[in-house]
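Here's a quick tour of one protein model, made for someone new to reading structures. Have a look at it first, then go through the notes below.

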Amino acid sequence: MPEKILLVTVDRLPAWILPAWGATWVAAPTLDALAARGIVFDRLLTPALDPRTMARDLLGHGETSLLAASGDSAAVISDQQAIVDAVEPPASVAVTIVAPTLPAAPAADEAATNLGRLYDAATKIRVDKQPGFIWVHAGSLGTAWDAPDELRATYLDPDDPPPPAGCGVPNMPVDAATDPDLLVALRHVFAAQVTLLDRCLATLVEAGDGSDLICVVGLRGMPLGLHDWIGGEGDGPEPRLPYGESIHVPAILVDPAGRMAGQRFGGLATPADLGATLRELASGNAPEATADEPSCGHSLAGLLVNWQAPPRERVIVRGAAGDAVVTPAWHSIVARSAVAGEETLLFAKPDDFFEQANVANRCRDVAAELAAMLAGK
């Protein structure tokens with residue numbers, strides 16, 4: 001069993017923006033190093049587009065949560081009070097909130113950014129108090145893109161347009177009239193923010209003595225113009241369709257004993273499965289078998305022993321604008337519209353990574369079968 005657990009969650013962090021998932025143009029050496037030391041979960045999917053739900057699935061809530069199991073040796077550092085409230089930490093757990101701000105201009109240095117302040121506070125608590133279980137949650141990727149200009153400039157080529165002024169997170173539709181240069185610039189700004197996150201995470205990770213089990217996981221992705229929208233829409237449920245850019249999130253599990261370092265798990269999994277895994281690793285006892293529901297986790301701790309763990313056959317995602325079912329071979333979305341009614345979309349996996357080629361009309365039987373699955377038939 002690990003002596004300590006460091007759990008890092010990040011809202012609005014899609015898997016596709018990280019080099020470990022294919023975005024080699026983005027610099028994230030800390031996450032790369034963690035991926036080399038641990039297990040990378042290639043297909044972790046969020047069954048809901050509300051980060052509060054995902055936090056509860058991952059940590060549990062109230063007296064049955066991972067925090068409660070750690071008692072007064074647990075600590076929480078977050079920049080989103082709503083996420084902490086969703087988990088309902090017991091009164092014995094020390095909670096530190098580092099409220100984010102929306103500055104008028106990029107920060108002068110990394111320490112002055114929202115992520116810099118959050119991770120600085122977390123690092124001090126980790127060093128000074130040495131909690132047995134520490135949960136650090138960052139939500140400011142959806143609040144402000146305040147990385148310093150120097151960091152933004154690393155993603156600009158000489159012919160690229162300058163990034164938009166200010167630090168506000170975009171929230172806008174993308175259509176034929178949208179300037180493609182603007183989309184490129186915004187993606188570069190977001191990439192700079194991801195690199196900032198990685199640098200801030202480095203200080204927190206390096207503050208440990210190597211005995212910690214480390215788990216880094218995203219709670220929700222970020223639409224970046226691939227499907228008619230760019231940007232986040234507040235801290236609540238995401239009203240966009242459940243495409244991969246919103247529901248496919250990164251997850252890395254690093255065992256302090258170095259078991260299965262550098263391996264990749266390609267099976268379908270959810271944050272609840274990671275939560276069940278952490279519970280087993282923390283207690284040494286396998287959790288009881290649960291129903292095949294997204295919020296009921298299936299422990300994947302067997303991966304660290306003999307690489308035996310049951311992947312999910314499917315993950316069902318419920319959203320305000322439509323639902324999705326993802327299997328190893330398909331990603332199907334049933335979109336709902338007051339004007340157009342229901343429309344079924346179908347994308348082949350893993351070839352169509354960004355869900356760009358709708359093949360519902362070519363694979364009608366598959367589309368109908370998956371739509372019926374979503375309808376509970």
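In helix 9, Pro-271, Ala-272, Asp-273, Leu-274, Gly-275, Ala-276, Thr-277, Leu-278 and Leu-281 are buried (under 20% relative accessible area with a 1.4 Å probe, protein chains only; exposed is over 50%, and partly exposed lies in between). Helices (H or I, at least four residues) are DSSP runs, numbered from the N terminus. Keep in mind that this is a predicted model, where local features need pLDDT of at least 70, side-chain atom pairs count only at pLDDT 80 or more, and totals for chains, interfaces and linings use all residues. Residues are numbered from 1 along each chain as its sequence is written, and side-chain values use heavy atoms, with hydrogens and water left out.

**Helix 9 itself**
- After helix 9 comes Gly-284, with a positive phi near 85 degrees.

**Helix 9 and its partner**
- The axes of helix 2 (residues 51-59) and helix 9 (residues 271-283) come within 6 Å and cross at roughly 30 degrees; axes are lines fitted to C-alpha atoms, for helices over the stretch in contact, and angles run from 0 to 180 degrees between N-to-C directions.
- Helix 2 and helix 9 are therefore roughly parallel (angles under 35 degrees).
- Met-54, Asp-57, Leu-58 and Leu-59 in helix 2 meet Pro-271, Ala-272, Leu-274, Gly-275 and Arg-279 in helix 9; contact means heavy atoms within 4.5 Å.

**Over in helix 5**
- Asn-114 sits in helix 5 (residues 114-129), and counts as buried at 3% relative accessibility.

How values were computed. Helices (H or I, at least four residues) and strands (E, at least two) are DSSP runs, numbered from the N terminus. Angles under 35 degrees count as roughly parallel, over 145 as roughly antiparallel, 65 to 115 as roughly perpendicular and the rest as oblique.
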